[in-house]
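Let's take a walk through this structure together. Keep the view open and follow along as we go from one spot to the next.

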2 protein chains.
Amino acid sequence: MSLVVQKFGGTSVADAERMRIVADSVARTVRRGHQVVVAVSAMGKETDELLHLATEVSKVRPGRELDMLITAGERKAMALLCMALHDLGIPADSFTGSQAGILTDTDHTRAKIVEIRPDRIRKALDAGRVPVVGGAQGVSSDKDVTFLGRGGTDTTAVALAHALHADACEIYTDVSGVFTADPRAVPEARRIKRVSFEEMLEMCAAGCPKPAMRSVEFARTYGVPLHVRSAFTWEPGTWIDEEDPEVEQAIVSAVVSDSSQAKLTVTGVPDRPGIAARLFRVLADRSINVDMIEQNVSIHGTTDISFTVAHEDLEAATAVVAELEGDIGATGSTSDPDIATVSIVGAGMKTQPGVTATMFETLAAEGINIEMISTSSIRLTCVVRADVVERAVQSLHRAFELEGV
Amino acid sequence: MSLVVQKFGGTSVADAERMRIVADSVARTVRRGHQVVVAVSAMGKETDELLHLATEVSKVRPGRELDMLITAGERKAMALLCMALHDLGIPADSFTGSQAGILTDTDHTRAKIVEIRPDRIRKALDAGRVPVVGGAQGVSSDKDVTFLGRGGTDTTAVALAHALHADACEIYTDVSGVFTADPRAVPEARRIKRVSFEEMLEMCAAGCPKPAMRSVEFARTYGVPLHVRSAFTWEPGTWIDEEDPEVEQAIVSAVVSDSSQAKLTVTGVPDRPGIAARLFRVLADRSINVDMIEQNVSIHGTTDISFTVAHEDLEAATAVVAELEGDIGATGSTSDPDIATVSIVGAGMKTQPGVTATMFETLAAEGINIEMISTSSIRLTCVVRADVVERAVQSLHRAFELEGV
C-alpha cells in the first residue's frame with residue numbers, strides 16, 4: 001500500500017459533473033488499496049470571480065481580507081468533493097489549510113509555508129478516511145488565513161507529500177503531462193515520460209505553463225517525485241524526479257517558447273565599469289524583473305545594452321531608461337514589444353557541444369534572425385520576432401528529432 | 001461612547017452596491033463615536049445556491065461538509081464588507097466564527113453555542129478597528145467548522161453583544177421594524193416602538209417572521225436589548241427589551257397570522273385516559289411538531305381530537321393517524337390543509353378580561369367561523385379558514401385600534 005497526494009486544479013472541478021468525475025478517480029485509487037490525500041483548487045474561474053467582486057466593492061483591498069475572500073473558493077470545492085466521495089462510499093473529510101496544519105508567514109496574497117503539522121491529516125488517514133485539503137491556503141503566525149498565491153495548490157500538494165512522506169505527488173491538470181513542445185504549435189509533440197527537476201525548472205523559466213515553477217522547486221528541495229497527468233484520462237503522464245545517473249540523458253528534452261517578454265535597448269552607453277550596474281540597480285529598486293541581458297562588443301568606447309522585461313513592466317522600465325539616459329551618457333534608447341523567446345532544454349546538453357550550432361543553423365535555415373542569446377548549462381534561449389516564434393519551435397522540434405519515440 | 005453590535009442580513013448585502021451602503025451605515029455609527037461590532041450573513045440567496053450546488057454534486061451530504069460549504073458564504077460577505085469599510089477610511093478586520101471565539105457543540109447544520117471567548121474581537125476594538133464577524137458560524141469541540149442554522153446570524157449578533165457587554169444589539173433587516181400587523185395585509189399597520197421579549201416571542205410563535213425566534217430567546221435569557229430596524233433608512237425601528245413595570249402595557253400590541261399549519265381531526269375516540277397521550281407520543285417519536293391541540297366535549301363516551309402540524313408534516317402525521325385509528329378505537333379521521341391561524345398578542349391582556357370577547361365578536365361580525373382556539377397569558381389564537389385570514393387580521397387590527405398613534 002502506498003500513500004499518494006493528488007492535486008486537482010480548478011478546471012478539473014469546474015462543475016458538479018467534473019467534481020463527480022474527480023471523486024470517481026480518487027475512489028478508484030483508494031479501491032486499489034492506496035492511501036490518498038487530496039489537494040483541491042477553487043472551482044473553474046471562481047478565484048477570478050471573487051477578485052472581480054472585490055474590485056466592484058472597494059478600491060482598497062487589504063491582503064488579509066483578500067486572502068479571507070479568495071480562500072472561500074477552495075473551501076467550497078473541498079466540501080463538495082468530500083460529499084461526492086461519500087456518495088461513492090468513500091469516507092472523506094475536508095480540511096482548511098489551517099486545519100491541515102499548513103503554517104505560513106504573514107505575507108498575505110503570496111504567503112510562504114514555514115512549517116507543516118499534518119496531525120489531523122494523519123489521524124484521518126489512520127482512520128481509513130480521505131483527507132481533502134483546500135489548496136493554496138494556510139494560517140499565519142498571526143492566526144490569520146493566508147493565500148499562497150496562484151498555482152499555490154501545487155505547492156500545498158507537494159508540501160503535504162513531503163510532510164507525510166508520500167510515495168508520490170500527482171498533479172492532475174487539464175494537460176495530460178509535459179510535452180516536447182506546446183501541442184497547439186507542434187501537433188507531433190510527444191509527451192515526456194520522465195524529466196529531471198532541473199530540466200523542468202529550466203522549462204518553467206523558459207515559458208512552460210504547467211506545473212507551477214514554485215511547486216517544482218519545492219519538490220526538488222524535498223525530493224518529492226511529481227507525476228503530472230490528466231484528470232480525465234487514465235494514461236500515465238510525466239514523472240518529474242531526480243536526475244537518474246544510470247540513464248543516459250536526452251540531449252534535448254523539449255522546445256519551449258515565451259511571448260510574455262518585451263525588449264529594451266539603451267544605445268551608445270559609455271563602456272565604463274558601473275554604468276550597467278547603475279541601470280539595473282534602479283530597475284531592481286522599482287521591482288522590475290529583468291530576464292535576459294546582453295551587452296554588445298564595445299565600439300569606440302561605447303556599447304548598446306539590451307534587456308528583456310515582462311510586457312506589464314515595459315512602461316515602467318521605459319520610464320527608468322528615459323530617466324537615466326542623460327545621466328549615464330547614453331545616446332538613445334528603443335523599446336520593442338514584438339519579440340518572443342524560443343528555448344531548447346536538455347540535461348544532455350552539458351556534454352554535447354554541437355547543440356548550439358544545430359540550433360543556430362536550424363533558425364538560419366528558416367531565415368529567422370536571432371536578436372539575443374542566453375544560456376544555462378542545460379538551456380539555450382534565443383530572442384526572435386514574435387511572429388516567427390511558432391515556426392522557430394516547429395523547426396527546432398524537427399531538428400532535434402523530438403517527435404521520435 | 002457606547003458599544004453596539006450590528007447585524008446585517010443577506011438582503012442588506014445582496015450585491016456590491018448594497019454592501020457599500022451597509023459599510024456607509026456602519027461608518028456613520030463609528031464616526032458618531034461608537035464602537036461597532038458587525039455580524040453579517042451570506043450575500044443574498046447564496047446559502048440557498050450553495051445548498052443547491054451540494055444537491056447537484058451528491059446525494060450524501062454529511063453535516064460536517066455542509067457546514068464547511070455553507071460558511072463559505074459568510075466568509076465572502078465579511079471580507080468584502082471589510083474592504084468596503086477600508087474604502088471609507090474605517091479600519092476593519094473580518095473574523096470567522098472560530099476566530100471570533102464562538103465555540104459550539106458538534107450538532108452540525110444547527111449547532112448550539114456553548115461558550116464565547118471574544119479575545120480577538122476585544123483586541124480589535126481596543127485597537128480602534130471594526131471587527132466584522134461571519135454570521136451563523138462557530139467552531140465545535142472537535143475543532144470542526146459548525147453552522148448555527150438559518151437565522152443564525154441574529155444569534156451570533158446577540159451572543160457577541162452579551163459576551164462583549166454591548167449597550168445594544170441592532171438587527172438590520174429588510175423590514176423597518178416590528179409592526180402591529182403585516183403591512184402587506186394591513187396598510188395602516190403601525191411600527192411598534194417598544195415590545196417586551198415575552199410579547200415578541202409570542203408573536204414569533206404566532207407567525208411573525210422577523211426577528212428569528214431563537215435570537216429573541218437568547219436576548220431574553222441574557223437581557224440583551226434588541227433594536228430591529230432597516231438597513232436602508234435611518235429611522236428608528238422597534239426595541240425589544242424587558243417589560244418595563246413603570247409603563248402601562250398595551251392591551252393588544254399586534255395581530256399576527258400564520259398560514260403554515262394544517263389541521264387533523266381524529267373522530268369518535270373513546271374518551272378514556274391515555275388514548276390522546278398514545279397518539280401524541282407516536283407523533284413526537286416521528287419528530288412531528290404539534291402546535292395546537294383541542295379535544296371536544298365528550299358525547300356518549302367518545303370525543304374528537306383536533307391538532308395542527310406544519311404543512312410539510314401533514315403527510316407523515318396523516319400516516320400516523322391512519323396507523324393508530326383502529327388501535328385507539330377511533331371511528332375515522334380527516335385532514336384539512338386550508339386553515340390559518342390569527343393571533344392577538346399583548347402584555348396587557350393578562351389584566352383585561354374583555355379581550356377574548358372582543359376578538360370573538362369581531363370575527364363573528366365578519367361572519368368568520370372559529371374552528372379552534374388556543375391561549376397563553378398574553379396571546380389568543382384562533383384557527384379560521386385560510387381564505388378569510390387576511391380579513392380576520394384587518395378587522396381585529398381595527399377592533400383593537402392598533403392603527404392609532
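What follows starts where the two chains meet and then moves out to some individual spots.

A bit of housekeeping comes before the tour. This is a predicted model, in which local features need pLDDT of at least 70 and side-chain atom pairs count only at pLDDT 80 or more, while totals for chains, interfaces and linings use all residues. Residues are numbered from 1 along each chain as its sequence is written, chains are lettered from A and ligands numbered from 1 in the order in which they are written, and side-chain values use heavy atoms, with hydrogens and water left out.

Start with the meeting of chain A and chain B. Each side brings 42 residues to the contact, where contact means heavy atoms within 4.5 Å. About 3,400 Å² is buried between the two chains, and carbon and sulfur atoms give 60% of that; buried area here is the accessible area (1.4 Å probe) that two parts lose on being put together, summed over both. On the chain A side, V57(A), R75(A) and M83(A) lose the most area to chain B, together 22% of what that side buries.

Now zoom in on a pair of helices in this region. Helix α3 of chain A (residues 63-87) packs against helix α2 of chain B (residues 46-57) at about 35 degrees, their axes 9 Å apart. Helices (H or I, at least four residues) and strands (E, at least two) are DSSP runs, numbered from the N terminus. The axes are lines fitted to C-alpha atoms, for helices over the stretch in contact, and angles run from 0 to 180 degrees between N-to-C directions. From α3(A) come K76(A), L80(A), M83(A), A84(A) and D87(A), which meet L50(B), L53(B), A54(B) and V57(B) of α2(B).

Is M83(A) buried or exposed? M83(A) counts as buried because its relative accessibility is 0%; buried means under 20% relative accessible area, exposed over 50%, and partly exposed in between (1.4 Å probe, protein chains only). Leaving out residues up to four places away in sequence, M83(A) touches several residues of chain B, including A54(B), S58(B), P62(B) and L69(B).

Most residues other than glycine have a negative phi, and most peptide bonds are trans. In chain A, a cis peptide bond joins K210(A) and P211(A), with omega about -5 degrees, and P211(A) lies in the loop between α6 (197-205) and α7 (213-222). Over in chain B, K210(B) and P211(B) are also joined by a cis peptide bond, with omega about -5 degrees. S287(A), although not a glycine, has a positive phi of about 45 degrees; this residue sits in the loop between α8 (275-285) and β15 (290-295) of chain A and is exposed at 62%.

The last stop is T318(B), in helix α9 (residues 314-325) of chain B. T318(B) is partly exposed, with a relative accessible area of 32%.
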